[in-house]
Amino acid sequence: MKNSQRFAKVAIVPVLIACSAFASGENAAPDKSASATGGKKEYRFKVSRHASVTIDNQYGPILVKAGADKEVVVTALTNSDKVEIDEGKSGNRVGMTSHLLAGADSNSGRVEYEVLVPVDANVTLRSTSGQLHVERLRGDIQLESSSDIDVRDISSGHVHIKTLNGPVTLTNVRDGHIEITSVSGDVVLNSVNGPLVQVNSNSGKIRYDGDFGGGGDYNLTSHSGDIEATAPSYASIDVTARSEQGKVENDFSLHPKHTTFLMKAGSAFAGTMGEAASSVKLFSFSGKIHLKKR
Amino acid sequence: MTCVEFERFLPEIIEQENLTDKQAHLKECSSCSTLVSDLRVISHEARLLQESDEPNPRVWNRIEIALRQEGLIRDAHTESTRQLESPSRWRLAWLVPAMAALLLSIGFLKHQRDSNTAQSPSVQPNEPATVAAVSDDSPRFKDEELLQEVSLRSPAMRNSYGTDLENVNAYIRDAETAARSNPNDEAAQRYVINAYEQKAMLYEMALDRPLQ
């Protein structure tokens, strides 16, 4: 009897310790936390699946990569005390804004962000003049900037990009629903495919290098920017290319197809290759168009 | 009464339901009837957007800039309970979708009117494009006003926005010319939509900049 009581007392100790550790662990993991060293601040937010992360930064770059599953970690390096970081979390939505104070300019108002998000997070980044870089994610991505935009190793997400002057580069984006609008920035797509790949450019050039895979709609349109598309000989496409005032060139031997417009030699071509799984439309008002064989 | 004559009275017709002498043409002409119906819807929706009786956004900008310079609204932002977006941005936020919707509606209407004009046997091809009258008066923010906004918000970006606006307006002109000469052409339709989408983006990005 004495032995059994002693055993019960001994046995209950680790149980109590475990309960206490579990409880303190719950309390020790707040929803968000922040720490600062000099002008560098780190923010941590607990999130669940498909979290939304939005960052507005007028001056300075934003780099976003895949990190831990249920945590968003933001490191912000401010250039001066003329800019503050406004941060907040609401439900599964995290927002960070660089808040410029009176007298801030492009140098003193600059903030550099490095962000780690869960791989399935939906990310929205806005900047006036800072570079935006996003890689290795599977969620939806919306980017707005007048500076460089670089997106790589993305799969199964929507990628919506708006830029005025900055060049846009997409590399290795699979099964994407991609919409890019650019005024004068060049757009470069390397190994990009999906059900919709749409580029709307004004004077910026459009360069596509890929296989036009995925049975998708590829619509590359410009006002005066040249369009250059490079594809392998095995590409399966139904292609139409037209330039109202520019020249068109085609390296492929296409099966002729019916078109609803009058085809003028040197300014339009249309036809199919393989099973014509993907639709490719290359339209420019006055830019040159070249469909190149890899 | 021809479609061209009818369109001269469009503003009065949209505002007033009973203009008996114009009703006869409306009953006969399905394209004018559709146009009037669409414009009434847009006019009605635009009124709803303005229901808050907000003053011009520039008034808010100037007030906010003045308050910041005085250091009067800094304290509110340094409180621990910060908001995801500043209130001033919310005040202006309704302008962004409104402007985008308005620009796209105008683009669509213009394109539709271009198509109708080209197809209608009662209109001569060399007559002035009546749709131009719709666009000249409709956008709430003209380009010059937008550039003033940009000068206030991001002075360094003003020249860049000016160049971009010129490029986009050139695109719109070319696209509309192409659509007018060949209204059923897929590429021409795409140019019109894309050109107006670019203009909507310019307005959206200009108005969405945080204030200094």
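Analyst: A:Asn190 lies in strand S16 of chain A. The model is a predicted one.

User: Why is A:Asn190 called partly exposed?

Analyst: A residue is buried with 20 or more other C-beta atoms within 10 Å and exposed with 12 or fewer. A:Asn190 has 15 C-beta neighbours inside 10 Å, and therefore counts as partly exposed.

User: What does A:Asn190 touch, not counting residues up to four places away in sequence?

Analyst: A:Asn190 touches A:Leu170, A:Thr171, A:Asp209 and A:Gly210. The C-alpha atoms of A:Asn190 and A:Gly210 are separated by 5.9 Å, although the two are 20 residues apart along the chain.

User: What makes S14(A) and S16(A) a pair of strands?

Analyst: Pairing requires at least two bridges found by DSSP. Five bridges join strand S14 (residues 168-174) of chain A to strand S16 (residues 187-192) of chain A, so the two are paired. They run parallel. One of the bridges is between A:Leu170 and its partner A:Leu189 in S16(A).

User: How do you know that S16(A) pairs with S18(A), and in which sense?

Analyst: The same cut-off of at least two bridges applies. S16(A) and strand S18 (residues 206-209) of chain A share four bridges in the parallel sense. Here A:Val187 stands opposite A:Ile206 in S18(A).

User: How many helices and strands are there in chain A, and what percentage of its residues is buried?

Analyst: Chain A has one helix and 25 strands. Of its 294 residues, 44% are buried. Among contacts in chain A with a separation of 6 or more, 46% are between residues 24 or more positions apart.

User: Why is H12(B) described as mostly covered?

Analyst: The test for a buried residue is 20 or more other C-beta atoms within 10 Å of its own. In H12(B), 16 of the 22 residues are buried, and on that count the helix is mostly covered.

User: What span is expected for H12(B), and what span does the model give?

Analyst: The expected span is 1.5 Å times one less than the number of residues. For the 22 residues of H12(B) this gives 32 Å, and the helix reaches 32 Å from its first C-alpha to its last.

User: Which residues touch the most other members of the largest nonpolar core?

Analyst: The core has 92 residues, and A:Val53, A:Val123, A:Leu282 and B:Ala175 touch the most other members. H12(B) gives the most to this core, with 13 residues. Leaving aside neighbours within four places in sequence, the contacts of A:Val123 include A:Val53, A:Val64 and A:Ile141.

User: How many residues does each chain bring to the contact between them?

Analyst: Chain B brings 30 residues and chain A brings 34. On the side of chain B that touches chain A, the largest share, nine residues, comes from H12(B). By class, that side has 11 nonpolar, nine polar and 10 charged residues.

User: What confidence does the predictor give to chain B and to the complex?

Analyst: The mean pLDDT of chain B is 66, and 49% of its residues reach 70 or more. Over residues 75-93 of chain B the pLDDT is below 50, and beyond near neighbours in sequence this stretch has 21 contacts in the model. The pLDDT is also below 50 over residues 117-138 of chain B. Where pLDDT is low, the predicted coordinates should not be read in detail. The complex has an ipTM of 0.81 and a pTM of 0.69.

Definitions and conventions: Residues numbered from 1 in each chain as written. Chains lettered and ligands numbered in written order. Predicted model: local features only at pLDDT ≥ 70, side-chain atom pairs only at ≥ 80, totals over all residues. Contact = placed C-beta atoms within 7 Å. Nonpolar A, V, L, I, M, F, W, Y, C, P; charged D, E, K, R; others polar. Core = buried A, V, L, I, M, F, W, Y, C linked by C-beta atoms within 7 Å. pLDDT = per-residue confidence, 0-100.
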